[in-house]
Amino acid sequence: MNYQKLSSKDLLKIKTLGELRASGYQPISIKEELRKNLIRKIQQKEQVFDGIWGYEDTVIPDIERALLSKHNINLLGLRGQAKTRIARMMTLLLDEYVPVVEGSELNDDPLEPLSSFAKELVKSKGDHTPVSWWHRSERYTEKLATPDVSVADLIGDVDPIKAATMKLSYNDERVIHYGLVPRSNRSIFVINELPDLQARIQVALFNILQEGDIQIRGFKLRLPLDIQFVFTANPEDYTNRGSIVTPLKDRIESQIITHYPKSIEIGKRITAQEANLTGKPIDKIHVPELMRDLIEQIAIEARNSEYVDEKSGVSARLTISAYENLISAAERRIYLNNEQNTVVRIADLIGVIPAITGKVELVYEGEQEGAGLVAYNLIGKAIRSLFVDYFPSPEQKKKDKEGNPYVIPLAWFGEGNTLDILASQSDKDYKTCLQKVPGLEDIVTAIISPLPEMEKEFFMEFLLHGLSEYSQLSKKMLDTGLQFKDLFSSMFDMGASDEDDLEEEDY
């Protein structure tokens with residue numbers, strides 16, 4: 001019988017050690033198991049980490065090399081860089097089922113038992129030792145490193161209640177209550193945010209990583225545990241909350257640095273994949289591709305902002321939450337106006353501010369400005385950055401001899417006209433409102449090609465926002481939307497109160 005060719009159904013029929021021996025089963029370590037299955041996937045050109053975008057040429061090859069080298073791994077990177085997800089996906093590189101001695105605390109391999117329980121059971125029952133099967137989804141243990149984690153939690157301790165109940169001496173190995181690490185024998189064991197683990201607790205991992213054995217309360221145990229360790233850490237933690245002690249870093253063979261998406265396209269794929277839109281009327285809401293780009297550009301602007309702490313990073317969760325809020329803003333408008341469908345608007349970006357404020361760590365200057373104002377500024381910078389990909393730069397056109405294409409709408413505002421775009425106004429009112437500005441539609445239809453009919457008003461509004469970001473118009477946030485007016489009339493409006501002046505500050 002060839003064990004490697006047995007189906008999962010056939011494996012589950014094996015119930016005893018004798019049957020397992022007859023199948024031709026041979027024990028292999030978890031690191032060898034990961035290596036074997038990784039090689040097979042690479043040879044068959046299978047995707048190893050499906051759904052992890054942007055790491056195809058950087059992080060994933062590093063991980064594959066580490067697994068081929070049978071290394072323990074530390075994933076080092078800022079928040080929201082899929083470190084934990086990658087660790088969890090490593091279970092897909094394990095065999096679907098592996099045999100264990102039934103009832104064993106340490107998931108003992110029937111042919112290589114570790115615990116005294118399994119050894120005694122095999123010795124007494126021999127080939128009749130009961131065998132159970134362990135699915136790969138169960139061979140994963142994850143522990144968040146918090147200051148209250150103890151050596152007993154991770155490694156184990158003497159259990160006086162067990163000793164009293166079983167009437168055992170403290171010299172008996174059976175009084176030990178094993179911690180998470182021994183119970184993860186033959187598994188992937190992950191410690192998230194490793195620097196948060198107290199130094200004295202990190203020291204307890206030395207022997208496990210190097211020699212593979214453990215020490216509990218003076219017991220001389222030689223347990224060559226079979227574990228694939230994966231750690232995650234944030235570089236910020238090294239200075240703010242703790243650090244990985246040097247001898248432990250030395251024992252982690254591969255440290256792999258993760259990163260944020262390197263392009264808007266990759267960011268959009270991640271956001272589309274992760275956004276939770278279940279139950280939302282997606283078929284009724286049209287999202288122009290430019291709006292998807294703007295959501296990703298907000299994160300890029302945040303990572304480059306002088307008001308945002310670059311050491312903390314800006315998680316990919318920002319764009320995911322922002323996109324969910326954007327869809328919800330359009331959904332709310334459908335219900336308010338009893339409409340069948342709608343197109344998202346630039347003004348809907350005001351609704352994503354709550355998704356931004358909680359996702360960025362501000363430096364002192366940012367705290368002085370206020371999280372809401374910083375988020376509003378980031379949206380404005382994203383619009384400014386992408387505006388010139390669609391329309392000529394207003395600054396450049398003012399200098400060109402050919403003439404400025406924005407003269408007509410700017411002149412209309414210069415005559416004292418204002419335009420209010422409200423978040424909840426119906427599509428009909430929204431279109432009527434934008435059509436009031438002369439020349440706006442002509443500019444959009446002349447420059448944007450091809451221009452889907454349903455996106456015409458979206459680009460007309462985008463044009464107004466762009467002119468505002470390039471200081472051609474004044475943009476003021478209202479309680480229920482936005483107001484555009486002539487830049488100079490807003491600067492010389494002496495009738496406004498001090499509070500209004502602050503609200504009318506241009507961004």
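Which residues of α4 are buried? In this predicted model, the buried residues of α4 are Val59, Ile60, Pro61, Ile63, Glu64, Ala66 and Leu67, where buried means under 20% relative accessible area, exposed over 50% and partly exposed in between, with a 1.4 Å probe and protein chains only. Residues are numbered from 1 along each chain as its sequence is written, and side-chain values use heavy atoms, with hydrogens and water left out. Because the model is predicted, local features need pLDDT of at least 70 and side-chain atom pairs count only at pLDDT 80 or more, whereas totals for chains, interfaces and linings use all residues.

Helix α4 spans residues 59–68, and seven of its 10 residues are buried, so the helix is largely enclosed by the rest of the structure. Helices (H or I, at least four residues) and strands (E, at least two) are DSSP runs, numbered from the N terminus. The buried residues of α4 pack against α3 (30–43), β1 (73–76), α5 (83–89), β8 (227–233) and β9 (254–257), contact being heavy atoms within 4.5 Å. After α4 comes Lys70, with a positive phi near 60°.

Most residues other than glycine have a negative phi, and most peptide bonds are trans. Asn107, in the loop between β2 (97–101) and α6 (116–125), has a positive phi near 55° and counts as buried at 12% relative accessibility. Glu193, in the loop between β7 (187–192) and α10 (199–203), also has a positive phi, of about 55°, but this residue is partly exposed, with a relative accessible area of 22%. The peptide bond from Ser449 to Pro450 is cis, with omega near -5°, and Pro450 lies in the loop between α23 (440–447) and α24 (456–469).

An open sheet of three strands has the order β12-β14-β13 with antiparallel pairing, two strands being paired if DSSP finds at least two bridges between them. Its edge strands are β12 (419–422) and β13 (473–477), each of which pairs on one side only, and the twist averages 20° from one strand to the next. Strand β14 (residues 481–486) runs antiparallel to β13 and is joined to it by five bridges, with Phe484 of β14 as the bridge partner of Lys475. Helix α24 packs on this sheet, touching β12, β13 and β14, and its direction makes about 105° with that of β13; axes are lines fitted to C-alpha atoms, for helices over the stretch in contact, and angles run from 0 to 180 degrees between N-to-C directions.

The axes of α14 (residues 264–274) and α15 (residues 289–304) come within 9 Å and cross at roughly 100°. The two helices are therefore roughly perpendicular to each other, a class that covers 65 to 115 degrees, with angles under 35 counted as roughly parallel, over 145 as roughly antiparallel and the rest as oblique. Among the residues that make the contact are Ile264 and Lys268 of α14 and Arg292 and Ile300 of α15.
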